[in-house]
Amino acid sequence: MGQYVVRRLLQMVPVFIGATLLIFLMVNVMGDPVAGLCGDRQCDPATAAQLRKEFGLDKPVWQQYLTYMGNVFTGDFGTAFNGQEVTELMSTAFPVTMRLTIVAIVFEVVIGITLGVVTGLRRGHPVDSGVLLLTLVVISVPTFVTGLLLQLLLGVEWGWIRPSVSTAAPFDELLLPGLVLATVSLAYVTRLTRTSIAENRRSDYVRTAIAKGLPRHRVVTRHLLRNSLIPVVTFIGADIGFLMGGAIVTERIFNIHGVGYQLYQGILRQNTQTVVGFVTVLVLVFLLCNLVVDLLYAVLDPRIRYA
Amino acid sequence: MPDQPFPSEGAIAGSGAGGAMNLAAGEAATLDRPPSGLPGGPESTGPEGAAPSAASAERPRSLWSDAWRDLRRNPVFVVSALIILFLLFISLWPSAIASGSPLKCDLAKAQQGSAPGHPFGYDGQGCDVYTRTVYGARTSVMVGVCATLGVAVLGSVLGALAGFFGGLWDSFLSRITDIFFAIPVVLGGLVLLSVVTSNSVWPVIGFIVLLGWPQISRIARGAVITARQNDYVQAARALGASNSRVLLRHIAPNAVAPVIVVATIALGTYIALEATLSYLGVGLKPPSVSWGIDISAASPYIRNAPHALLWPSGALALTVLAFIMLGDAVRDALDPKLR
């Protein structure tokens, strides 16, 4: 197991470097950051050169990247061009998105797995076909459409919730945005659980458990579910990273001041420090989630560990 | 050769666990899954791999003709194929069912409901929602088809080479794939496309190809690796077939099924991605006509004129649904485990 952890950790390093370098290059293509600094007017050449020197933008890209990464590992994500520390922006934005992601994951786990178990046990039943069709529809409707429609219905027409979220973004205001963020993944979780349950239901250990005379709920929860959830756990773990990165659309619809909002503002204002910093952290979160999932997988399924 | 196609090792992408649907984690599932039997019909593997068709009277059906027979009887396939054919038709000849111009707008009629000749009403600029919805199909179909073609060609060539030759190129490609997977797609789109000022679909297509190919390359790599270990490949090698012949005549026909399935489903998601990017203001920009742009433009006055948002949204959802259902049906037909 120890060897496995070390191997996985080592594999993470090139991916982290590659992904951050790629983003760094992409942002560099984004245009001259100094030009964005002078607003709509053209920058005075002398000022531009001065600023470029000050931010280290006159150096070659690879050197900028190395300097930046060196700073990141000492906890310095640089300063946004309006003088605000990027870490300061992060400390307000990340908790909000984290709460949103937690709400979404809870929905995925509770609704997705329940529906998956119910349909997986009744394969071919009308309930099964209905839910399956529903998941297809949910997957097909893009998140921004779901979000806008639910906001219109629940927030504006029926007035059940506040259509937009306050800056503090407490959990109860994030219920609907969390559900919207979760919809597509929720459908995948349902389908994954359903297939997994239906496959394992015919397995020998389930037949043995039934033959032993165990009550049905015990067979389902102890024997069937525990084995069927392995792929689902993998999916949900990997999904945490995707949700945090994909929250940009949901946050825009419900006006949530989280990571997506800050990133969107950063891109609009050509604020390279903000964009690179946030994306670096997101990539790191994604990789860590995948690492945890892989380790969890190894714990849950001994076949992986000894492979 | 027996009448029965001999079982070859070829994993249909994400066959069991709804994996191909799950575009995020499906690839991992493919690689971890033990290979399932896939009848790689000897008749499809070229002269060396197949017996001369002596018993031509009772030729075994190939995987493809079997799949086609299944598909024709599948109502899901028929419905989604009809929707897609209709979409292709209106994206080629939008004027066939919508007479006006999508850019002809009358501010005096802004946000009005449906009127005779204008069944879907007017949007915030007083443009006819019906005409714009019909014309919007072209962008979506074009982005979906071109991006999928690009992704499929690039991804399967790179993936197949990695799977076939293995070695350094394989490990290099696997790491590159990991890197691309670590970048959130919408975010990458915002960063890269925000610089683009051009108003054509090509930057969007290029971006999707750039970030989409690793997904297909993983599938193709896995499929080629499982097909490579087959006896008929060994036989072809023993007969002195060159690398390119083995790859093109023997491996490719048996490894292409999973790629087709994943690509079809991906087509639907690319259409949704284009609309999302246009909604965020970095995909296509007005005066282009796209469902994403229309949905984005209609969202501020959703309260007064919900129809301007609902029609393009419905068209978008139906299109994506049709492609995903098609991919689902094709996967079921190509997966012999379900027979």
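Helices (H or I, at least four residues) and strands (E, at least two) are DSSP runs, numbered from the N terminus. You're looking at a predicted model, where local features need pLDDT of at least 70, side-chain atom pairs count only at pLDDT 80 or more, and totals for chains, interfaces and linings use all residues. Residues are numbered from 1 along each chain as its sequence is written, while chains are lettered from A and ligands numbered from 1 in the order in which they are written.

**View 1. Two annotated spans of chain B, 141-169 and 201-220.** UniProt's unreviewed entry puts the feature "transmembrane region" at residues 76-94, 141-169, 201-220, 255-273 and 309-330 of chain B. (UniProt positions follow the numbering used here, feature names are shortened, and annotations may be inferred rather than shown by experiment.) Take residues 201-220 of chain B: this stretch is 95% helix and 0% strand, with 27 Å between its end C-alpha atoms. For residues 141-169 of chain B, the figures are 97% helix, 0% strand and 34 Å from end to end, again between C-alpha atoms.

**View 2. Helices α5 and α12 of chain B pack together.** Here α5 (residues 129-165) and α12 (residues 306-334) of chain B meet at about 30°, their axes 10 Å apart. Because of that angle, α5(B) counts as roughly parallel to α12(B). (Axes are lines fitted to C-alpha atoms, for helices over the stretch in contact, and angles run from 0 to 180 degrees between N-to-C directions; under 35 degrees is roughly parallel, over 145 roughly antiparallel, 65 to 115 roughly perpendicular and the rest oblique.) Among the residues to look for are B:G136 and B:A137 in α5(B), and B:W311 and B:P312 in α12(B). This contact splits into six nonpolar, five polar and no charged residues. (Ala, Val, Leu, Ile, Met, Phe, Trp, Tyr, Cys and Pro count as nonpolar, Asp, Glu, Lys and Arg as charged, and the others, Gly among them, as polar.)

**View 3. Domain 1 of chain A touches domain 2 of chain A.** Chain A splits into domain 1 (1-74) and domain 2 (92-304), with bounds from an automatic or database domain assignment. Their C-alpha centres sit 32 Å apart. Even so, 18 residues of domain 1 of chain A contact 14 residues of domain 2 of chain A, where contact is having C-beta atoms, placed from the backbone, within 7 Å. On the domain 1 side, α1(A) gives the largest share, eleven residues. By class, that side has 14 nonpolar, three polar and one charged residues.

**View 4. A span of chain A, residues 274-300.** This stretch of chain A is 100% helix and 0% strand, and its end C-alpha atoms are 38 Å apart.

Terms used
Contact = placed C-beta atoms within 7 Å.
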